[in-house]
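Dear colleague,

Please find the structure below for your records. A short account of the findings follows it.

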Amino acid sequence: MLSFTFQYKLILKQKEASQIDEWLEICRRVYNWNNCERKDWIKSRKNDVNFCSLVKEYIIPVDTKFPNYKIQAVNLTQAKKENPVLKKVQSQVLQSTLKRSDKAWTDFFDKKAVRGEGRTSTNHNQLWKAK
């Protein structure tokens, strides 16, 4: 069987390029907001009751569930009503941003996250040998 691969080059106008940049910036902010919300929830569960910090505390009610994809998708629809900047990007794009973040979190805690092959001393020495 003969298969072909094609490469397509996207030629954008200045207006289209600026719009894509704006969408990427909004997606980045949604991703970071998502991570911040999860980190704050985790930090609020780390402190003991009798050892509270005098400088900063993460006070989140005890009955609040961990902000998974479903909870954050509901929060995103509420934020989209309140924030007109989020209305510029299609909802499917923002939802896929939330899904990617959720997958990264679950893979990290399930030890599925792969960052490349670790270097052992023999592997490291082989990298520097003259060929």
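Which pattern does the chain follow, read along the sequence? The pattern is α-α-α-α, with four helices and zero strands; helices (H or I, at least four residues) and strands (E, at least two) are DSSP runs, numbered from the N terminus.

The model is predicted: local features need pLDDT of at least 70, side-chain atom pairs count only at pLDDT 80 or more, and totals for chains, interfaces and linings use all residues. Residues are numbered from 1 along each chain as its sequence is written, and side-chain values use heavy atoms, with hydrogens and water left out.

Of the 131 residues of the chain, 18% count as buried (under 20% relative accessible area; exposed is over 50%, partly exposed in between; 1.4 Å probe, protein chains only).

Helix 2 (residues 69–82) has 14 residues and reaches 20 Å from its first C-alpha to its last, close to the 20 Å expected at 1.5 Å a residue (1.5 Å times one less than its number of residues). Buried in this helix are Gln-72, Ala-73, Leu-76 and Lys-80. Seen down the axis of helix 2, these buried residues fall within an arc of 105°, so they line one face; the arc is that of the directions from the helix axis to the C-beta atoms. Their cover includes helix 1 and helix 3 (91–109), contact meaning heavy atoms within 4.5 Å. The face turned away from the buried side of helix 2 carries the exposed residues Lys-70, Lys-81 and Glu-82.

Tyr-8 lies in the segment before helix 1 (14–44) and counts as exposed because its relative accessibility is 74%.

Kind regards
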